[in-house]
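User: Got a model open here and want a quick tour of how it packs. Can you walk me through it?

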Amino acid sequence: MIAMIKTLIEQGHAYAADNGDVYFAVRSDLNYGQVSGRNIDDLMVGARIEENEDKNDPLDFALWKAAKPGEPSWPAWESPWGEGRPGWHTECAAMVHRYLGTPIDIHGGGSDLAFPHHENECAQATCAWHQGFSNTWMHTGMLLVDGEKMSKSLGNVIDPNKVCDEMGADIIRLWVASVDTSSDVSIDHEILARTSDAYRRFRNTLRFLLANTSDFSMEKDAVPVEDMLELDRWAVAYAADFQKRVLVEYGSYRFHNVVTLLQTFASTDLGSFYLDVLKDRLYTTGAQSFARRSAQTALYLITAMLLRLIAPILSF
């Protein structure tokens with residue numbers, strides 16, 4: 001770590017302050033901001049960037065922090081700048097370079113670490129060794145409860161084991177699939193209750209479909225699609241088009257869009273229209289009648305399609 005800091009000072013990327021601290025000169029790195037996607041000119045002194053008279057620039061960050069009188073005791077090491085300790089960003093960058101070698105393949109963490117931690121790691125490492133720090137940066141979004149980051153320190157953790165015990169593991173599966181993980185994700189008991197309602201609607205739709213095809217054999221009773229009643233032909237064609245749209249979303253790993261499409265199809269397209277219209281025919285025509293078999297053929301095809309499309313998300 002000391003060797004890295006010396007290298008940065010020699011190259012004009014860092015400087016020793018009068019108080020014993022050593023700071024990285026952020027504006028000396030022309031690529032600063034590339035990890036977090038920030039423009040250096042838009043960065044302001046704020047909660048994560050403290051004013052400090054010993055810095056040449058408010059954006060500069062500590063590579064070495066000198067031991068200060070009156071501060072809580074900590075391990076202090078000798079250095080060319082006096083006793084002290086390395087900065088957090090410096091520790092990480094130096095360890096990665098020594099033990100893994102740079103550039104590493106993947107560097108990950110929470111989205112709250114992209115700036116300043118990962119940005120500062122990358123800046124000092126690339127300026128010191130003139131090579132990339134990480135080939136790929138992967139940042140996960142935050143889990144939010146009532147708008148706050150879920151954390152043990154806040155005591156707002158929702159225990160997935162408890163949710164599984166009380167609501168079932170399928171509720172967790174459906175919730176995970178339904179959220180857009182490209183940004184922070186919210187979860188609370190109200191959201192889980194809504195997810196449980198959506199799960200119940202899925203189950204009810206499938207129960208209706210299975211119950212009304214229980215006496216149907218595709219081999220013996222099926223009506224050719226071209227001979228079906230017009231409404232049933234429409235339903236089969238609509239379901240085929242729906243399946244194509246869902247597969248596109250699966251192919252792009254947009255599971256949240258898949259869940260939205262499935263919910264709309266099960267509750268609105270089927271439940272509120274086709275199945276609602278079909279009930280009279282299913283319940284009033286003869287068991288072997290052409291009208292009932294036409295409907296059952298359509299229901300069988302739709303059920304098979306739905307089960308295949310739901311299978312990657314739910315286990316029933």
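Predicted model: local features only at pLDDT ≥ 70, side-chain atom pairs only at ≥ 80, totals over all residues.

User: Which residues make the contact of helix 2 with helix 3?

Analyst: Helix 2 brings Trp88, His89, Thr90, Cys92, Ala93, Ala94 and His97. From helix 3 come Pro116, His117, Asn120, Glu121, Gln124, Ala125 and Trp129.

User: And how does that contact divide by class?

Analyst: Seven residues are nonpolar, six are polar and one is charged.

User: What's the angle between helix 2 and helix 3, and how far apart are the axes?

Analyst: Helix 2 covers residues 88–100 and helix 3 covers residues 114–129. They pack at about 55 degrees, with the axes 9 Å apart. The two helices are therefore oblique to each other.

User: OK, other end of the chain. What do helix 6 and helix 10 do?

Analyst: Helix 6 is residues 189–211 and helix 10 is residues 290–310. Their axes come within 10 Å and cross at roughly 145 degrees. The crossing is left-handed.

User: Who's touching whom there?

Analyst: On helix 6, the contact uses Phe202, Leu206, Leu209 and Leu210. On helix 10, Leu299, Thr303, Leu306, Leu307 and Ile310 take part. By class, that contact has eight nonpolar residues, one polar and no charged.

User: How many bridges hold strand 2 and strand 3?

Analyst: Three, in the antiparallel sense. Strand 2 is residues 22–24 and strand 3 is residues 61–66. Phenylalanine 24 stands opposite phenylalanine 61 of strand 3.

User: Now zoom out. What's the overall count of helices and strands?

Analyst: The protein has 10 helices and nine strands.

User: Spread out or compact?

Analyst: It is more spread out than a compact globule, because its radius of gyration is 30 Å, well over the 20 Å that the globule rule gives for 316 residues. Along the principal axes, the C-alpha trace spans about 95 × 40 × 35 Å.

Key: Residues numbered from 1 in each chain as written. Heavy atoms only, no water. Axes fitted to C-alpha atoms, helices over the stretch in contact; angles between N-to-C directions. Helix = DSSP H or I, 4+ residues; strand = E, 2+ residues; numbered from the N terminus. Left-handed = near helix turned anticlockwise from the far one by under 90°. Contact = heavy atoms within 4.5 Å. Nonpolar A, V, L, I, M, F, W, Y, C, P; charged D, E, K, R; others polar. Pairing = 2+ DSSP bridges. Parallel < 35°, antiparallel > 145°, perpendicular 65-115°, else oblique. Rg over C-alpha atoms; globule rule 2.2 N^0.38 Å.
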